[in-house]
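Here's a quick briefing to read alongside the model.

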Amino acid sequence: MTYTTPVFLLAFLPAAYAVWWFSPARFRGYVLLAASLVFYWFCSGRMTLAFVLTGLLVWAAGLQMERTGNAGRRQCILASAVILLTALLLIFKYSVFFETALRTVFHFREASGMEPLLVPAGISFYTLNAIGYLADLYYGRAKAMHNPARLLLWLSFFPQIIEGPFVRCNETSAALWNSERPDYQHRIMAFQLICWGLFKKRVLADRAEIFTRTVFAASGSSSGMMLLIAALLYTLQLYADFSGCIDIARGAAELFGVRLPPNFQQPFSARSVAEFWRRWHMSLGAWTRDYVFYPLLLSRPMQKFCLRLQNRNWAGLARIAPLITALFAAWMVTGLWHGIGFKYFVYGMYYFLLSAAGILLETPAARFCAAVKLNRDTPFWYGIQRIRTFGFVLIGMILFRVNRLSDYPVILVRICTDLHIKDLFRAGTLLNAGLDRGDWLVLAAGFAVLAAAGHLQMRTAVRSALARRPAAVQWGVELLLLLAVVVFGAYGHGYLPVSPIYGQF
Amino acid sequence: MHTDQQRFWRHSIRTGCFLLLVTSLLLALSWVFAPRGNDAGSGTRHAEQRAFSAERRNSIDLFFLGDSSAFAGFSPLELWQKSGIASWVAAEPDETMSGVETMLKQVLKTQHPKMIVLEPSLLFSSSETASRILISRMKDAFSVFEYHDRWKTIRLQEILQPQDAAYHNHRKGQHLYTDEIAYQGKEWMVPSGQPESIRLAVSAELRSFLDTCRQNHIRVVLMNVPNASAWNSARHDAVQKLADQYQIPYIDLNLNREARLGLDADTDFADRYGQHLNYRGAGKVTRFLARWLQANANLPDHRSDRRYRQWNDDNLRYRQELEALDTASGRN
């Protein structure tokens, strides 16, 4: 069950909401927990038990950390829990990868017969949330949750368990456990957000998927122009898919009176790769910053290392080396978090190199611009920076999308060397890769609406502004979105169901 | 408190009005997008199988329901030739139990069959999910969910036209597989230890389907056509258990198929996986069924009924097609 299926939107969510709404306030936390575990059971079956046991482990570790005053012991509990959680993540998520790798190394012809493990739903999300919670306890930024049900609810809250966003326990645990019925206006706003998310996912992302799947599956025979269009469309598709699902998750959470943090903030308006990642999957960026980058940068061994470099009169290196090392670790975690295989490691390293280059080149670039009297604070220069950043993102997206890593250089070379506009209009190209004229029209109009909404959002809070409009306007927007999903949605005859892309991580 | 109650009612009425508006719009869109004709050109999906709407009301006594195994494996005009029973294949590819129930509702709008032969392969379809069942129900209520994609082709003058079921399918829904590809795989009915489990949602849909049949006084027979790719003993055992539970006749033609049907794995399949029978295999299955129906079901013979003259004409045309196929393959 995913957030865009009718069974979630028309059966599970309304049923859970009705039970929650009519429950006495003191039981609402338990109702939400029960709903979340039922949802989890639908997604992962017997793996729910593995999830509950993990939650209880985190709860026990948290309590132990709070009770002991000894700093060394606290560190030991934190390290043990983090190692155990990471091991569980690796075992569940990477079992197939390791089996394949072992077979390759030892040249086994036949599969070992080992059944791949059923992966608990959202394991990457709840594992990182759990590690974050324990780290917050260790650094004294949060208090341990004494009630295991409360911790389990925070970890399993059904709108966020599949695709996030990552949340801190301070942000949502109280609102979840003592959830209050939202007023009418907030319910309407939550409903609007769900409709908006559905529009992005069902109308745009699922339709774009038809084209990108066709072109990337035949990447060996597709022209450079087709591959470029597919890469562009995939970048927009991934945004519509992920942010659409997050909107549905946030809307569903708001129905229960819980505000989840936004995960996207007009990422394509970013002027640098670093800024892009502060606007794209923001909660993952914040997590790696707070639990990988800064802890490593400010760790005692790193400080000692800096001091040693400074003592040897390598001040410049002492300033840069810790930064680059922490950046490397953060991007490695980001890359490997995304999935199984070497491809995701390379994906992380690609962004590490870009970010490191950004840091290293910032000062020389500023000096150069000052020397040639180039004003970098102009709309024109901002535009150039945005196009450059989008280009880097596009190259990263191709890496993210390719079926095999070996396809990546082939695709890049073809895009660079085989770019002819006439290829788009030749028979057997743009209109013969699963999408017809009508589909392209819907995609163009839909992404234009998305861009306009993003542009408006940069100037004003669109949802609040809409809430201030008369009821007829609000109804009009909701009806338009709903009918757009019903009529233009990529579902039913001739369409394959498309699971949320980030749901697989 | 008074204000709270007022607010509650005000919001409830607003929500009710909004839902009413959504329902009205869905009904309006369903009317707009519904195909005006019953042929494929008008946008009707699986028009061959759904063309029973063009037949005279209440003229068909037996319907075959199921997935692609059924629409390849039964030949209504072979049955007509042998027994005079008026039948129709309303089976569709990748069909599920919830889809069969939707189809039955469609059938009951214009026909009142006395018997349904259900091909039970679909009880194990992996496509049947809770969402698909819900979508089937939504399609029953609002056809826009089935035909929403027609926005690409629909024209204004088409919307203003009345409904018209003029398309006549002379093969009565049968999909004629003409390829002749030998099945060279293993024997698929190797005895198994345990019956395969049927998912709860599918069992519930089957129960609901049987209830609808009972309410409409329709007898149900479960009948498997030979299918090497989707059938095995574990599935047979599961369906046998169901048939015993609901006291429905069950015939599995995967068992003793050579002796009962004279099925030849070299010539009677249309693909190398043994998934679909070709027209010859379908003929053998249907001739067996004709004998079974004559012995066990009291369905009328309409061959000399003047109201069924068209069926004799259709049968003639069908025979000519088969002859042409046999000639092309060098059998005549």
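What follows is a short tour, from ground rules to chain A and then chain B.

This is a predicted model, so to speak of local features a pLDDT of at least 70 is needed, side-chain atom pairs count only at pLDDT 80 or more, and totals for chains, interfaces and linings use all residues. Residues are numbered from 1 along each chain as its sequence is written, while chains are lettered from A and ligands numbered from 1 in the order in which they are written.

**Domains of chain A**

- Helices (H or I, at least four residues) and strands (E, at least two) are DSSP runs, numbered from the N terminus.

- In α8(A), the buried residues are Cys169(A), Thr172(A), Ser173(A) and Leu176(A). They cover an arc of only 110 degrees around the axis, so they fall on the same side of α8(A). A residue is buried if 20 or more other C-beta atoms lie within 10 Å of its own, exposed if 12 or fewer, and partly exposed in between, with C-beta atoms placed from the backbone; the arc is that of the directions from the helix axis to the C-beta atoms.
- Those buried residues of α8(A) pack against α2 (28-44), α5 (123-138) and α6 (148-156) of chain A.
- Helix α17 (residues 407-417) of chain A buries Tyr408(A), Ile411(A) and Ile415(A). Their arc is only 70 degrees around the axis, which puts them on the same side of α17(A).
- The buried residues of α17(A) pack against α10 (224-255) and α16 (379-401) of chain A, whereas the face turned away from the buried side carries the exposed residues Pro409(A), Val413(A), Cys416(A) and Thr417(A).
- As background, an α-helix has 3.6 residues a turn, so residues three or four places apart point the same way.

**Nonpolar cores**

- In the largest nonpolar core, which has 132 residues, Leu32(A), Leu134(A) and Ala230(A) touch the most other members. A nonpolar core is a set of buried Ala, Val, Leu, Ile, Met, Phe, Trp, Tyr and Cys residues joined through C-beta atoms within 7 Å.
- α10(A) is the top contributor to this core, giving 21 residues, and the core draws at least three residues from each of domain 1 and domain 2 of chain A.
- Apart from this core lies another, of 60 residues, among them Ala51(B), Leu104(B), Leu253(B) and Ala270(B).

- Ala253(A) is found in α10 of chain A, and it counts as buried because it has 24 C-beta neighbours inside 10 Å.
- Ala253(A) and Leu176(A) are 77 residues apart in sequence, yet 9.2 Å apart in space, C-alpha to C-alpha.
- Leaving aside neighbours within four places in sequence, Ala253(A) is in contact with Pro159(A), Gln160(A), Val258(A) and Leu260(A).

**Chain B**

- Chain B has 13 helices and 5 strands, and its C-alpha trace spans about 85 × 55 × 35 Å along its principal axes.
- Of the 332 residues in chain B, 41% are buried.
- β3 (residues 115-118) and β4 (residues 219-224) of chain B pair in the parallel sense over 4 bridges, with Ile116(B) opposite Val220(B). Strands pair if DSSP finds at least two bridges between them.
- β4(B) also pairs in the parallel sense with β5 (residues 250-252) of chain B, over 3 bridges.

**Where the chains meet**

- 19 residues of chain B are in contact with 18 residues of chain A.
- α1(B) gives the most to the chain B side, with 6 residues.

Key:
Two residues are in contact if their C-beta atoms, placed from the backbone, lie within 7 Å. Domain bounds come from an automatic or database domain assignment.
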